[in-house]
Amino acid sequence: MASMSELVAAVEAMRVGGTKSQPHRHQAIALLWAIGRARSGLGRLVRWSEARTELAAGLEALGRPGSRPSAEYPFIALRNSGLWELIVESDESVVAAHGSATRSWLDRVNPEGGLRPDVWMLVRSDESAAQAVVDALATRFFEESDRATLYEFARTDLPSGPIEPSSRSAINDWWAGDPSERFWMEITDRQDGLGDDLNAPTLNGARKPEWGYSLVTETRPGDIVLHWHRDFTGRPAIVGWSEITGPLSVENGYTWQAHGTRGRARGTATVGQGWRMPCGGLNRLSQPLSHERLAELEPVLRQVHRDLRRTVRGALYFPFTLYRSRPPRAAQSYLTKFPVALLQAVPELAALVDRGDGAGSAAAGGASIRRAVGSGYLRDSKLKDAIEKYAVEKARKYYLDHGAAEVVELGKPYDLQVKGLGPERHVEVKGSSGPAAAVELTVGEVRHAHNHEPTDLVVVDEIDYHLNGSDYELSGGNLRIWTDWRPMERSLAPTRFRYDLTDLNDGAGIPPWSRGNHTSSTTV
């Protein structure tokens, strides 16, 4: 089994062309692409006929200026790195990774290539190992300014100093706290309902979180969504906008079919859970922004991107992909972040900057969210804190009402310490304004639940809220409790844990210390 240090050593020892100060990046980019597949839960091996388009796009985006995006060379050359495997289903000898014969041999033989099994397993299951390999590739082959882009390309969280990987959010919400950053762009070919809602699966086809879907949960009532679709002539373009009304809901039996290269390769539709965030309907632009217009605006796009890169560490979720020798294109994702600086710089969109000031929009539960005059749009960090405190207080009251002698609020590594109901009971509390089909757990929370018995999981979801002046007022909520809880491995997803509550529907019984005829799923 490969170790992290062995992977880093292999990267440092890779034989590549170019010079010591400017080594060729082709093999490095192919490794980043393969790590991205592993981190997304996709198959280890992939046919050349399927890999070449994605590899060429990566080489085009990340290669050195003037270099050819020749995917055939790294696909073969990496087999000498100790990290890569090439499977040939014939007696033909593998050709050298140079010259004109390489491409014709690959097209004829169509071998499978990918990371070695032990390498693939390590970077797939251990984020710190994936980070170490990406960091080694970045140090040897790329500029420091490219580092965040490389981590995004490899579907790996960017390390942030001494912070434990488990404590980092899966979404790099660089816009949090800035009231002007409330714009998004949906990229879709949906046949109907454009502007009626945002909707996406909670997990991708590999049953893993994907930022283009998870961003739906970052939107809030009053935010503005631009819609990349097709204009009346059938050309891809930003055709209009809508305003989010909310509330966010989780939908069971959600069916979807991804349309990218990987999605088409799977062939069949996926059924699972999906997020749905209602919007107020499509407002069409009098002049859609087409690819041709984006090409004219390319200097502006690049300047905004450079400015953000100077101040933001981590993924930007930028709405457009910027190439070295091709015009900009809409990003290959579902939902992206549209920076307000970009909106201000595009004449056709600048008027949207002032949308949403003044009167409020429809919010969750039909309540009205009123914005304080002059304060702009209140971001969600304050609401998240309010929901967390509300849920903890509901849980504390629940235990006291059921006979606890003392309930102490701690916060970390668990929320509540309960005494007087038998052995000392530790409680993890999660709160949500929508229906909670899953909750997010840190590694520390999971570890503590496994190491201390008894531990309970309390979830308070469907909490109603409205904004009164500058403060949120919360009410209602559905409290559910799972006693003697131990997180099940099959319900945990790597990088940031999600615990599937639906697996426990039959396990939320009456606590043995409960007084009276109370059930452990209680509306409060």
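**Notes on the predicted model**

1. The second largest cavity has a volume of about 50 Å³. Here a cavity is a set of points, on a 1 Å grid over the protein atoms alone, where a 1.4 Å probe fits but cannot get out. Grid points are joined across faces, edges and corners, and the volume is the space filled by probe spheres set on the points. By this rule there are 3 cavities of 30 Å³ or more.

2. Before going on, the ground rules: this is a predicted model, where local features need pLDDT of at least 70, side-chain atom pairs count only at pLDDT 80 or more, and totals for chains, interfaces and linings use all residues. Residues are numbered from 1 along each chain as its sequence is written, and side-chain values use heavy atoms, with hydrogens and water left out.

3. Back to that cavity: what lines it? The lining (residues with an atom within 4 Å of a point) consists of L7, V11, L31, I35, L83, L115, V119, V123 and V133. Helices α1 (4-13), α2 (26-39) and α6 (117-125) each bring at least two of the lining residues; helices here are DSSP runs of H or I, at least four residues, and strands are runs of E, at least two, numbered from the N terminus. By class you get 9 nonpolar residues, no polar and no charged ones. Nonpolar covers Ala, Val, Leu, Ile, Met, Phe, Trp, Tyr, Cys and Pro; Asp, Glu, Lys and Arg are charged, and the others, Gly among them, are polar.

4. On confidence, the chain has a mean pLDDT (the predictor's confidence in each residue, from 0 to 100) of 79, with 81% of residues at 70 or more. Strand β4 (residues 183-187) has the highest mean, 96, and strand β15 (residues 368-369) the lowest, 30.

5. Two stretches to treat with care: pLDDT stays under 50 over residues 160-169, where the model has 16 contacts beyond four places in sequence, and again over residues 356-379, with 59 such contacts. A contact means heavy atoms within 4.5 Å. Where pLDDT is low, the predicted coordinates should not be read in detail.

6. For the overall picture, the chain has 15 helices and 23 strands. Of its 524 residues, 50% are buried (buried is under 20% relative accessible area, exposed over 50%, partly exposed in between; 1.4 Å probe, protein chains only). Among contacts with a separation of 6 or more, 69% are between residues 24 or more positions apart.

7. There are cis peptide bonds to look at. One runs from G246 to P247, with omega near 0 degrees, and P247 lies in the loop between β7 (236-243) and β8 (249-256). Another joins E453 and P454, omega about 5 degrees; P454 is in the loop between α15 (443-451) and β20 (455-468).

8. Y317 sits in the loop between α12 (298-311) and β11 (320-321), and D484 in the loop between β21 (471-482) and β22 (497-500).

9. Lastly, I76 in helix α4 (residues 72-77) counts as buried, at 1% relative accessibility. Beyond its neighbours within four places in sequence, I76 is in contact with L86, V94, V95, A97, T102, W105 and L106. P111 is 35 residues from I76 in sequence, and their C-alpha atoms are 9.7 Å apart.

Notes. On a 1 Å grid over the protein atoms alone, a cavity is a set of points where a 1.4 Å probe fits but cannot get out, and a pocket is an open set with protein on both sides within 12 Å along at least five of seven lines; lining residues have an atom within 4 Å of a point.
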